[in-house]
Amino acid sequence: MSLQIRRLVAGAVATAMAVVLAASPAHAVFNPIGTEAQAPYAQPVDADVPKRGCTTTLSDPKNASSSTPAIQVIYAWHDGNGNNYSTYVNQIAKMVDRMDWILDESTNYDQHIKTSCRTGYDTSTYSGYAQALVIPVKIPNGVIGGETSPYIVADDLAAAGWGNANRKYVVFEDFDGTATAHCGTVCVATTDDWDAATMMHELIHLYDVDHAKVSEVPNSFSLNDIMISQYNDWQLDQEFNTYYDPSETTASFYTSAYPDTRYLNLANYSMFTTPTCCDVGYSNDLLTAQERTIEANTPYSTPTAFSVSGGGWMQVTPPGPDSNTSARYYDGRRSLTMNVQAYADGFVSVTRKPAVTAGQRYKFFARLTTGTSGNVKLRMSWYNSSNTLLSNSDSSLIALTTGWQEYNVSALAPTGATSVQLSVVSPSGQTFAYILDSLQLNQCNNGKTTDGCRLNG
Ligand SMILES: [Zn+2]
């Protein structure tokens, strides 16, 4: 088996390959009994994974042209290992159920995978559901004694009549194959590493999502995401700013580092149901896409949705060097620059005050950098229903560096609090500039991590 970066990835292939291979040394062999990703917390045991069920059921699943878009799950075999469908069909269905759990559990939005089934089975039993969901297909040109490429798999599926624009084919390979995503006549997500996060990673690639990156820095990858470390992590875009934001489906994000120009939001994938609010999931966010990314304004202009008071003035970051990709004005990757002045404490604030519930924990994240040096604090200011300030919760003083690092402050909303204002505070006596991007406000209620919030990434 080889782990293959999908061929559509143009930029940073060498870096991405190195990261992926380093993250998966244990998976260099054909492994139909895979190990599920266990971060940010363990997936439920088999009996507790919700049964996804069939979105649509067809008597002839090859003829899907008038059907709703959906994934078609394939068990692929060839003469090398033979046909072990009856041995594996329940296990494969369970992995599809886990893929659906991964999508739904990643955020506080309810969103699910659309599945295509075939008629003729009693789907009230698990084995009947599994046989309706998972269809065995022989790959006649599969390589015996070597690796079968995704191109062979896709071509053989097409030759057998499986090419339909309403379907993405999710192919579990019972032979030496490849974890990859490939769109030819047929769009296939394939893997011979049988675990849900790996197959979900490949399915997400079919929506043209790249390996998760830190948006501010070229060729820098976020190491806690299903789109880069799928053998460890199952969560999708925990920062709501790289490729997936179910809370604001009109928002789109650059899915890869500069100079890649793909711009999308996975929440709109036709293979998924429309996201609805709200349940409890790993991550959530109480900001708008503009408040998180500062993408709506032109360079040099005043950032909308933000306010400044005290010592300093702000602007959308002017054109700058590659080391600060958010400073590039011509590709839409934007950030906020605060030009700190010494005469007073300076405050950059999100103007809107998101609603909070007293007694609940909240966590404010932001990425910050400077070309020189300087100190700031993150602040959550709590207000009551009369818009009177009750108190502030500050981080410790942060000495900024020339790297884009994520910082945070976490606190309980005090008694009487109904809203919160987020600010970055620069203590008086300093003259320097810092750049702000990737803000996020979590409500810490997932019940699974230590403080109920997402982890740093
Ligand atoms: Zn990949």
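Close-up 1. C453 counts as buried, with a relative accessibility of 0%. Here, buried means under 20% relative accessible area, exposed means over 50%, and partly exposed is anything in between, using a 1.4 Å probe and protein chains only. This is a predicted model, in which local features need pLDDT of at least 70 and side-chain atom pairs count only at pLDDT 80 or more, while totals for chains, interfaces and linings use all residues. Residues are numbered from 1 along each chain as its sequence is written, and side-chain values use heavy atoms, with hydrogens and water left out. The partner of C453 in the disulfide is C444, with 1.8 Å from S to S. C444 is buried too, at a relative accessible area of 10%. The torsion about the S-S bond is about -60°, so this link is left-handed.

Close-up 2. A disulfide is a covalent bond between the sulfur atoms of two cysteines. In this model, a pair of cysteine sulfur atoms within 2.5 Å is taken as one, and by that rule there are four disulfides. One of them joins C54 to C117, S to S 2.1 Å, and with -80° about the S-S bond it is left-handed. C54 sits in the loop between α1 (13-23) and β2 (56-58), and C117 in strand β5 (residues 116-118), so the pair ties together parts that are 63 residues apart in sequence. Helices (H or I, at least four residues) and strands (E, at least two) are DSSP runs, numbered from the N terminus. How exposed is each end? C54 is partly exposed, at a relative accessible area of 27%, whereas C117 is buried, at 0%.

**Close-up 3. The C277–C278 disulfide.** Here a disulfide joins C277 to C278, with 1.3 Å from S to S. C277 counts as partly exposed at 48% relative accessibility, and C278 as exposed at 52%. Count the bonded cysteines along the chain and the disulfides follow the pattern 1-2, 3-4, 5-6, 7-8.

Close-up 4. H201 is in helix α5 and H211 in the loop between α5 and β10 (253-254), ten residues apart. Both H201 and H211 are buried.

**Close-up 5. R262 and its polar contacts.** R262 lies in the loop between β10 and β11 (263-264), and at 13% relative accessibility it counts as buried. Its side chain makes a polar contact of 2.8 Å with the side chain of D260, and another of 3.2 Å with that of D208. A polar contact is a pair of N or O atoms within 3.5 Å; within protein, one must be able to donate a hydrogen and the other to accept it, and residues adjacent in sequence count only if both atoms are side-chain atoms.

**Close-up 6. The largest nonpolar core.** This core has 53 residues, and M200 and Y243 have the most contacts inside it. A nonpolar core is a set of buried Ala, Val, Leu, Ile, Met, Phe, Trp, Tyr and Cys residues joined through side-chain atoms within 4.5 Å. Helix α2 gives the most to this core, with eleven residues.
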